[in-house]
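Student: Could you take me slowly through one part of this structure, the salt bridges, and then show me what lies around them?

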Amino acid sequence: MGICLLLISFACIFAIFFLRSTEMGAYTNLRRSFILSLIANAGIVFIYNETASFFNAVNTTSALVFWIAEALGASGLAYYLHQSGKIDLQKLGALKGAFRLAGFGTTHKTIITLVALLYLLPLLFLAIYAAPNNFDSHMYHLNRILIWIYNGNLDHFPTMHLQQLYLNVFAEYIVLDTVLLSGSDQFSGLIQFGAFIGSICGISLIAKKFGLAKDGQLLAAICFLTLPIGIFESTSTQVDLCGCFFFIAFVYFGFELLEKKSALALVAMMQSLAFGGFSKYTILIFAIPFAIYFGVRILLQYRFAYAMKVLGVALALMAITYSPFFYRNYSLFGHVMSPLQNTPFASEELPAKKHSVVYTLSNVVKNAGLNIGLPITSFNQAVDKQIRAFHETIGVNIDDPDLSIDPFSVKYSVHEDMIPNTIHFWLIVGAGVLLLFLPLNRDIKWFWTCSALGFLLFCTLMKFQLWSTRTQMPLFAMGAIMIACVYSLKLRWKAIYLIVPLLISSLPFVYGNPSKELVSINFVTRKALGHIPIAICESSAEVGKVYEKYLSDYYEFPGKDNCHPLKGWPDYTERTKIFALLEKAGYYDQDRTSNILSMKRDRAYFLSNPDNYLSFKEIRSHIPTDRNVGVMFRRNVGYYHFWSATDNDVQRPGQMDYIRYMKELAPLKNAQKKFCYEYILSDDPTLIDSFIPKGNIARIYSSELLHLVELKKTSCEKYPF
């Protein structure tokens, strides 16, 4: 399989880094080499993607040729270094001791083993097995990858969803290569999972820099491992965790550079900063205080000449990384980052438009409010009321459109994009308060000052959004280190006392992510509790007959409006019998098959768009796999979930692509490419009536939300508006 080429490249680069390092222990070297290998492979991905794009050769063939050559080159380099005596491959045997957890006590071995078995292996399984179904991924992350492959380049293209063009792209660059080499999106989740493991390694290494022993390093790692939003993102094709990893790597190598001059640490530090911002612009905001701190320390320690060298490397790597993408943006939008508001391309405006102390305070409180919700409605309403009262006191409109994109509310949502990190938030607040009174190493206090300032800058510069728990991940990454520092260095409590509650409380998120459940949590919980409905409603007369056959002793038949109420509330034993009958009657079929193992992959793609699944399912069978489909949408949305449910193989002859888009996109080179189609998928029948010649319509298949037009003869027409 082509995907193995990426793994071979990573393994060879890892071996070189691991064997070239002679100054540290096996565990430190293992973690550091893993991080360096991720950064190096990311750099190689960047080189291939941009080079292939220049020659309009972003395709499976060029990817295979490149990565075969790269894997051979990396293997050859490792062999050459071994033969020349610069590395000894036999020293890789030291990894055996690391994997056996040599040097750890029984308690630590038990924790690490349980984490591997109960956390990491299930998440790795989900990253590979589960269909990518994140809403944003379908709207633009994966959709843009599909179109890049169609076009053979990374240039901008005609689309109905402008975020596919101008939003950060580097995480998608890496995913692109997994798709090209594997021929599907099967391994696309490995990018975020790899970033998750890399982040854990980086956090524990920073903890070591601050003098924490194995116990404290493990605690720091567990604090991040159990972060709910991190768990959810580790198996998705979102980009926040990828950006967070590069931020953590930037901070780690920054501290390494302060210990001694190192070309490797300097390049890794600055390239991580570039890739982090290229994955998610908000990473640069969180990095500003650290960049200033490192800059001042480097200037004082190594003097002006070396500080200028560091600055030069940073600017050079930034320029190399961002120039191609910024050029594409500027050529189309007249701006390097996003469309200007006074142009036809005007889109969402994410930066805050007003700035003052009270406005920053408002967004700090609102962003904190995202992480204090509990699954208790009355509690959330009470906290929401207090935050609104606070805003009235300071004279700020809580939903001021200049400061917020979404209306504020305190809630508890088990959603892949916005789950709160409640426990971790309060641990960080508690550690922050203690930090004010406890004497700690000056570097630790500066570290937390930079982390807190990064969050303040984020709240000052960016509008409030309901899904910002994921963009706050750098704060929680640094907070994990601070929690471990305060807990281990000053409170001196055993890490196990905090590790065990964190692991237990976060374990349900591993198995019960609604977007990819390993266990049907709702069904299992209801069955255990003997929870039965107070009324059962039928969807058809046929279903009603089945319910009556099994449940007439417990529910009233016939009932009003096709709903049959429970005759009386039974005890637990009786409820378990009723539950079994409901299960036999098929009442729980949907809940029982909600887990990813019981679900067909085509349905799994639509877990974030269930209504679209039902509508598309009605018409999907009418699309042959070797036919092209023109996408004529009224709404500004992506179509990846429709394409993937039709056929998940990027090599298939049939394609989907936009045929309706803004006329301002028509001059793009990719818009000039011919795309012919036999079918049209639309979300608005008036578009079909207005633009498709009736003489070329063979038939129209309609469902509640979608319409499929079968054409009599192939069309290559496009419809800019």
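Tutor: What follows is a close look at the salt bridges, and then at a few other places in the fold.

This is a predicted model, in which local features need pLDDT of at least 70 and side-chain atom pairs count only at pLDDT 80 or more, while totals for chains, interfaces and linings use all residues. Residues are numbered from 1 along each chain as its sequence is written, and side-chain values use heavy atoms, with hydrogens and water left out.

The structure holds 22 salt bridges, a salt bridge being a side-chain nitrogen of Lys or Arg within 4 Å of a carboxyl oxygen of Asp or Glu. In one of them, the side chains of Asp 136 and Arg 470 meet at 3.2 Å, N to O. Asp 136 lies in helix α6 and Arg 470 in the loop between α18 and α19 (473–491), so this pair ties together parts that are 334 residues apart in sequence. Helices here are DSSP runs of H or I with at least four residues, numbered from the N terminus. Asp 136 counts as buried because its relative accessibility is 16%, and Arg 470 counts as buried at 3%; the term buried means under 20% relative accessible area, exposed means over 50%, and partly exposed is in between, with a 1.4 Å probe and protein chains only.

Arg 601 is partly exposed, with a relative accessible area of 26%, whereas Asp 185 is buried, with a relative accessible area of 2%. Salt bridges that share partners also join Asp 136, Asp 240, Lys 280, Asp 417 and Arg 470 into one network.

Leu 154 sits in the loop between α6 (135–151) and α7 (163–166), and it counts as buried because its relative accessibility is 4%. Leaving aside residues up to four places away in sequence, Leu 154 touches Asn 49, Glu 50, Ser 53, Trp 148, Tyr 173, Leu 176 and Arg 328, where contact means heavy atoms within 4.5 Å. Leu 154 and Leu 165 are 11 residues apart in sequence, and their C-alpha atoms are 9.5 Å apart in space.

Elsewhere, helix α15 (residues 357–369) has 13 residues. Its buried residues include Thr 360, Val 364 and Ala 368, and the buried residues of α15 pack against α16 (377–394), α17 (422–437) and α18 (442–461).

Lastly, the lining of the largest cavity divides into five nonpolar residues, two polar and one charged, where Ala, Val, Leu, Ile, Met, Phe, Trp, Tyr, Cys and Pro count as nonpolar, Asp, Glu, Lys and Arg as charged, and the others, Gly among them, as polar. Among the residues that line this cavity are Leu 370, Lys 411 and Leu 466, and a cavity is a set of points on a 1 Å grid over the protein atoms alone where a 1.4 Å probe fits but cannot get out, its lining residues having an atom within 4 Å of a point.

Methods:
Helices (H or I, at least four residues) and strands (E, at least two) are DSSP runs, numbered from the N terminus. The expected span of a helix is 1.5 Å times one less than its number of residues. On a 1 Å grid over the protein atoms alone, a cavity is a set of points where a 1.4 Å probe fits but cannot get out, and a pocket is an open set with protein on both sides within 12 Å along at least five of seven lines; lining residues have an atom within 4 Å of a point.
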